[in-house]
Structure formats: C-alpha cells, structure tokens
Amino acid sequence: MLKKSLLPITLIFGLSTNLFLSSLVATAKPQGYNTRNPNSQPVKPAVTKTYPRFRFKVANPREWRNREGGDPVATCVPQDPSAVVPQIKNDSPRWKLPVELTLSDRPTIFVNAYATPTKKARFILREEGNNNILLDETLSLTIEKGIVAYTLPANFSGLEIGKTYKWRFSAICDFEDRSGDSKVFGLIKRVKPSAKIAQQLAGTKTDRERALIYAENGYWHDTVKALLDLRVANPQDRSLIQDWWDLFRSVGLQSLEKQPVVQIQGDETPND
C-alpha cells in the first residue's frame, strides 16, 4: 500500500466557556394598542428568530450487534481508546455495539485515544460476517491525548450500500509483542438516503445546513465530519465552537467536547 503523509490539521477545542458565541437571537419589543385609534387591533410581537442548535437524533430503533471477545489489555496507556459515538442513557447493555449509519462510501472514524510509546495504532476493516480484511493500515498518533479522525482512504474501494462493516482500532504498545495492544471496536453501515432526505440535502445552501440534516436523520459520522470540516475552515468562529459542544452534549459526550482533534491518514501497511 502506498505510504501517505500525516495531515497537519489539529484543532484545539479546550476554550474557556466565556468564549461562547454572542447571542444570535433577534428579538423585538412587543407593542400594544394604537392609542390614537382605540378600535384598532393590537400589533403582534415580531416572531423571534432562533439560530438552529445541533441536536443529534439517534436512529430509532437502533441496530445492535454482540461485542467482539477480547478485552483491552494494554498497560502502556493510561486509558483504553474509545469509539466516539453517541452514548445514550438507558441504551443497550455494555456487551452490545451500536451500528452507526452513514451516507458516505469512505466515512471518517473518530476514536478518543492516548499516544503509545510507539506513537502508532492499527486500523482494520472487515465486512460483517466475513473475516477477510478489507483495509489494514498503521496510523501515527501525533498527540498525547485527543480525538483521532481517520477517513477511509481514496484507494479503498468504499463501503457498499446496505452492508454493515466492523472496524478495529488498536493502540500499539510493542511491535514485537502485539498481545498487549489495547483495542476498540465499532460498527458502521452505509445506507441510501430516502427521496425526502436526498431532496433536503440537494436544497441546502450552506455546509452547516447539510450537517444539521445529517444530525436530524441519525448519520453520526457524517455529522461530525461535516462540522469538523467547518471548524478547520473557520477556526475562530465561535458559533461553530458552540455547535460542536451542543452536538457532543446532545449524545452524552460532553467529557470529549474540548478534546483536541487531529485528522490523520495511514502511513504504511503492517507487516505482522
């Protein structure tokens, strides 16, 4: 597999809460009766216009699969990596994994991870029910702690509509002894949008509107990637900082809302 370079794009979201965006709500003072004409009708207050806030809507019913065996055993990192996916209260038991939906053939996977002594991780993708490896790449962990955003590469054939795929992210502690790798698993399914959703997406005027449609219809990876792209393009936009925080809080990920984010690509194929 061709070597790929690391994308030098890192976002730091750990901003002070006093940097919340200025109010984007436009209001008008209610007006009473026209005192010059007692028979006139009262003037209605102007309608308050509110800037849409990010609220992710998890698919209902949500698909689940049994979690793979083999617990993380790495001791070289202070905390095991975790999939950045919606954490909904009273959801399925811990031994189940949710199936996240995407419209993309090459979605971006998000993992919260610590850098290991080797500064390397491994990403593997398989089709559900099939042990054949479709994608196997080594990734460079360039931050000590934060969210890794890994987009399936252009030379990958892409996810097929209607199929569910299993991915595994392993933090590599020792290349000589891989038994100590700390692993996290995830499931993703590519779906075709309904005619209504496709029409809504085609009619969007901004990238933010498109991200809101993703969020409303349960496409988690698409939502986060779209919002991340906006943050990269507009790093000083406080409204986008608020959008990011709102999105994460809506799915129980407030502990990760201020974590730095780094977008990476694979650099080589593992030899083991």
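Predicted model: local features only at pLDDT ≥ 70, side-chain atom pairs only at ≥ 80, totals over all residues.

**Strand β5 and its partners**

Strand β3, residues 82–83, pairs with β5 in the antiparallel sense, and the pairing runs over two bridges. Within that pairing, alanine 83 stands opposite valine 111 in β5.

Is β5 enclosed or open to the outside? Seven of the seven residues of this strand, which spans residues 108–114, are buried, so β5 is largely enclosed by the rest of the structure. The burial applies to both faces: Thr108, Phe110, Asn112 and Tyr114 point one way, Ile109, Val111 and Ala113 point the other way, and all are buried.

Let me turn to the disulfide. The structure holds one, and it joins cysteine 76 to cysteine 173, with a sulfur-to-sulfur distance of 1.8 Å. Which parts of the chain does this pair tie together? Cysteine 76 lies in the loop between β2 (64–66) and β3, while cysteine 173 lies in the loop between β9 (164–172) and β10 (182–190), so the bond links parts that are 97 residues apart in sequence. As for its geometry, the torsion about the S-S bond is about -70 degrees, and the disulfide is therefore left-handed. The two partners fall in separate accessibility classes: cysteine 76 is partly exposed, at a relative accessible area of 26%, whereas cysteine 173 is buried, at 18%. The cut-off for buried is under 20% relative accessible area.

I move next to the helices. Helix α3 comprises 14 residues, 220–233, and reaches 20 Å from its first C-alpha to its last, close to the 20 Å expected at 1.5 Å a residue. How many of the residues in α3 are buried? Ten of the 14 are, and the helix is thus described as mostly covered.

Finally, consider aspartate 243, which lies in helix α4, residues 238–250. Aspartate 243 is buried, with a relative accessible area of 2%. What joins its side chain to that of arginine 208? The two side chains are joined by a polar contact of 2.8 Å.

Thank you for your attention.

Notes:
Residues numbered from 1 in each chain as written. Heavy atoms only, no water. Buried < 20%, exposed > 50% of the residue type's maximum accessible area, 1.4 Å probe, protein only. Helix = DSSP H or I, 4+ residues; strand = E, 2+ residues; numbered from the N terminus. Pairing = 2+ DSSP bridges. Expected span 1.5 Å × (residues − 1). Disulfide = S-S within 2.5 Å. Polar contact = N/O pair within 3.5 Å; in protein donor to acceptor, adjacent residues only side chain to side chain.
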